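Trainee: Could you walk me through this one? I'd like to go residue by residue.

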Amino acid sequence: LHALDLGFSQLVIGNIVWEYMEAFAAGTNQEKRRQTTWAKLKAHYKEMNTKNRIQALTIDMVRRDGKGPCMRTKGAETRNMVPFAVSLAQEMHETSPTRHTMTVRACVANLMDFYMLMSLDEYDVEAGSSACKKCVGLYRALALEAAARGRAKHWKMEPKIHMFQELAEYQARQLGN
């Protein structure tokens, strides 16, 4: 819960939502782009019949002043936003196919794969370890790219990422999911 739902996943989702609002959402200012993104999320919730939903989307939920993007949601809300982040990443890549958007899409797709593996009755340790390793590796590449572009607060490496990696790649071998 703390490593993934209240940690790594919030960072991934926050960065994707922030990038979407910055460059892809319709609107002439930040508030209009937030409204566009919120309307898209509500439509996604309705289509997927999502039970645990956020009640509003504010700029501070995605990125507080002076800090990097990090979705500030409860655990179940975070888990239920991963499919939305996948769809945003796909739209971003289809709109502007770059190495960056391809990496973002692959990162969140591997995160989704990990969540799907966790929901199975028979947890596949090797597949879970692989999805985690790919996801964290891609996230690290995004962090290095952001730092090189002078955006060190975006895709920032945090201790919970390492905690997630330790649990998924090593502890799960002994303890299961």
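Trainee: Is Trp-155 buried or exposed?

Mentor: Start with where Trp-155 sits: in the loop between α6 (125-148) and α7 (159-175), helices being DSSP runs of H or I with at least four residues, numbered from the N terminus. Buried means under 20% relative accessible area, exposed over 50%, and partly exposed in between, using a 1.4 Å probe on protein chains only. Trp-155 comes out at 0% relative accessibility, so it counts as buried.

Trainee: Before we go on, what kind of model is this?

Mentor: Residues are numbered from 1 along each chain as its sequence is written, and side-chain values use heavy atoms, with hydrogens and water left out. Local features need pLDDT of at least 70 and side-chain atom pairs count only at pLDDT 80 or more, while totals for chains, interfaces and linings use all residues, since the model is predicted.

Trainee: What is phi of Asn-49 near?

Mentor: Asn-49 is in the loop between α2 (30-48) and α3 (59-62). Its phi is positive in a residue other than glycine, near 55°. Trp-155 is not a glycine either, and has a positive phi of about 50°.

Trainee: Which backbone oxygen does the side chain of Thr-78 reach?

Mentor: Thr-78 lies in helix α4 (residues 75-95) and is buried, with a relative accessible area of 0%. Leaving out residues up to four places away in sequence, Thr-78 touches Asp-5, Ser-9, Gln-10, Ile-13 and Thr-73, where contact means heavy atoms within 4.5 Å. At 3.3 Å, the side chain of Thr-78 reaches the backbone oxygen of Asp-5.

Trainee: And which side chain makes a polar contact with the side chain of Asp-5?

Mentor: Asp-5 belongs to helix α1 (residues 4-23) and is buried at a relative accessible area of 6%. A polar contact is a pair of N or O atoms within 3.5 Å; within protein, one must be able to donate a hydrogen and the other to accept it, and residues adjacent in sequence count only if both atoms are side-chain atoms. For the side chain of Asp-5, the partner at 2.5 Å is the side chain of Tyr-115.

Trainee: How many disulfides does the structure hold?

Mentor: A disulfide here is a pair of cysteine sulfur atoms within 2.5 Å. The number of disulfides is 0.

Trainee: Where is Ser-96 found?

Mentor: At 28% relative accessibility, Ser-96 counts as partly exposed. Ser-96 and Phe-24 are 72 residues apart in sequence, yet 9.0 Å apart in space, C-alpha to C-alpha. Leaving aside neighbours within four places in sequence, Ser-96 is in contact with Phe-24 and Thr-101. As for its place, Ser-96 is in the loop between α4 and α5 (99-118).

Trainee: Which element gives the largest share of the lining of the second largest pocket?

Mentor: On a 1 Å grid over the protein atoms alone, a pocket is an open set of points where a 1.4 Å probe fits, with protein on both sides within 12 Å along at least five of seven lines, and lining residues have an atom within 4 Å of a point. Of the 15 residues lining the second largest pocket, those closest to its centre are Leu-11, Pro-69, Cys-70, Arg-72 and Glu-158. The largest share of that lining, 4 residues, comes from α1.

Notes:
Helix = DSSP H or I, 4+ residues; strand = E, 2+ residues; numbered from the N terminus.
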